[in-house]
Amino acid sequence: MQLWTGRFQKALDKKTNDFNSSIPFDQRMYKEDITGSIAHARMLGKQGIIPAAEADVIIEGLQGILADIQSGALPIDPEAEDIHTFVEGELTRRVGDAGKRLHTARSRNDQVALDDRLYLRGRVDELREQLKELIGVLADKAAQYKDAVMPGYTHLQRAQPITFGHHLLAYAEMFFRDLDRLADCRRRMNISPLGSGALAGTTYPLDREMVAKELGMEGITHNSLDGVSDRDFCMELAADLSIVMVHLSRFAEEVILWCSFEFRFVELDDAFSTGSSIMPQKKNPDIAELVRGKAGRVFGDLTTLLAAMKGLPLAYNKDMQEDKEAVFDALDTVTMCLTAFTPMLDTMTVKPENMRAAAAGGFINATDCADFLVGKGLPFRDAYKAVGQLVARCIQLGETLESLPMEEYKKVCDLFDEGVYKAISLEKCVGDRTVVGGPAPQCVAEEVRRVRQLLESL
């Protein structure tokens, strides 16, 4: 059944109907469509636009349809044009002419705009819970490895000593920003467009605020043209999801490096690894690689939305039907990635001894060695040059700064004394970095407490 057949003398071509239909993907919004229709019917009855008794019949019929779909007793017809048509047709079949009154003072344009917002609002809430779970795992791991010294990198070159706990909390900060962006996006999408009609509102005396309040929305749209044609919330959500995937992809890349024989910082649980069909020794970080790869898919969904919307005149255009597949796919992809990524991190085996060995071999305490000379009164630039000469000498002799004999130190600068060995101890180098946000174990412990308190407050 089409809702627009009065004007037309011929049925829509079968292939064209399949092309036009959105039921394969918008059927997932059945609950939101019915919930929005119940609120609309209740308002119609209250305002006297339709008889109150008929509004009650409509509401009861819609509640029955919802229960039957959820129980599986009522399958959604794949031949329906869209979920709105299916629900209204089933309602009319069940309650008769009263069902035909449901669409009074409403268009599919404002109806679908409402369904989109309600559905995406719920999915954002679910996604934020997943991100909070991930941050909780990071906090637990950070607390466990707050003392585990590892090299920090710039340009993928060993730079300065940090702790593994500190490294993990960097991602917790990223995911907190994601939570904040998603909450902000949810606030803007949680506005009711119902009452905008097809594009010009309606002559009926609607109580739009009543509907918005019943649906738990924070307000109503204030321009009927914008109400039906706004898809900013879809684009904004896809952009936020793309940033989530950037963070997951960066993290996945590091996990992949850490799993390699060259690093051996972590080992993934067998439940989150795969093998090779020909090389029996292989243990591949496929989950992390898939997360990294799926980031591009979400970026593509964002591009699809931007491209679909960029040239549309006001108000509604059929192009907007493309919003759902793109934003739904982005949500499904991020959800799937988090579902796999969080337990992968939670179950991985960390190898702090290998991290410590990598830290010891990369001259990452060179800055602390220079700071030792600064403490003796030498200007930093002179100290920097002296330590650079020491590093070159270490490489020539096959030594580290910790093992280089004192006579070699003295050849470069006579301000060096035995105290330098304590100053360049990796544990001291990390432990002295107690500035807020630093990698010292005590700072990591404090940040873990802060992270857990923030999670409890959300």
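**Salt bridges in a predicted model**

Student: Starting with Glu214: is that one buried, exposed or partly exposed?

Tutor: Glu214 counts as partly exposed, because its relative accessibility is 35%. Keep in mind that this is a predicted model.

Student: And which residue does Glu214 form a salt bridge with?

Tutor: That would be Arg42, with the closest N and O atoms 2.3 Å apart. The pair links distant parts of the chain, 172 residues apart: Arg42 belongs to helix α3 (residues 30-46), and Glu214 to helix α9 (residues 208-214).

Student: How accessible is Arg42?

Tutor: Arg42 has 32% relative accessibility, so it counts as partly exposed.

Student: Switching topic: what does Asp323 pair with?

Tutor: Asp323 forms a salt bridge with Arg231, and their closest N and O atoms are 2.8 Å apart. Asp323 sits in helix α13 (residues 322-347) and Arg231 in the loop between α10 (224-229) and α11 (232-259), so the bridge ties together parts that are 92 residues apart in sequence.

Student: Are those two buried or exposed?

Tutor: Asp323 and Arg231 are both buried.

Student: Where do Glu408 and Lys411 lie?

Tutor: Both are in helix α17 (residues 406-412), three residues apart, which is about one turn of the helix. Glu408 counts as buried because its relative accessibility is 9%, whereas Lys411 is exposed at 61%.

Student: Which residues do shared partners join into one network?

Tutor: Arg28, Arg123, Glu126 and Asp332, through salt bridges that share partners.

Student: And how many salt bridges does the structure hold?

Tutor: There are 38 of them.

Notes:
Residues numbered from 1 in each chain as written. Predicted model: local features only at pLDDT ≥ 70, side-chain atom pairs only at ≥ 80, totals over all residues. Heavy atoms only, no water. Salt bridge = Lys/Arg side-chain N within 4 Å of Asp/Glu carboxyl O. Helix = DSSP H or I, 4+ residues; strand = E, 2+ residues; numbered from the N terminus. Buried < 20%, exposed > 50% of the residue type's maximum accessible area, 1.4 Å probe, protein only.
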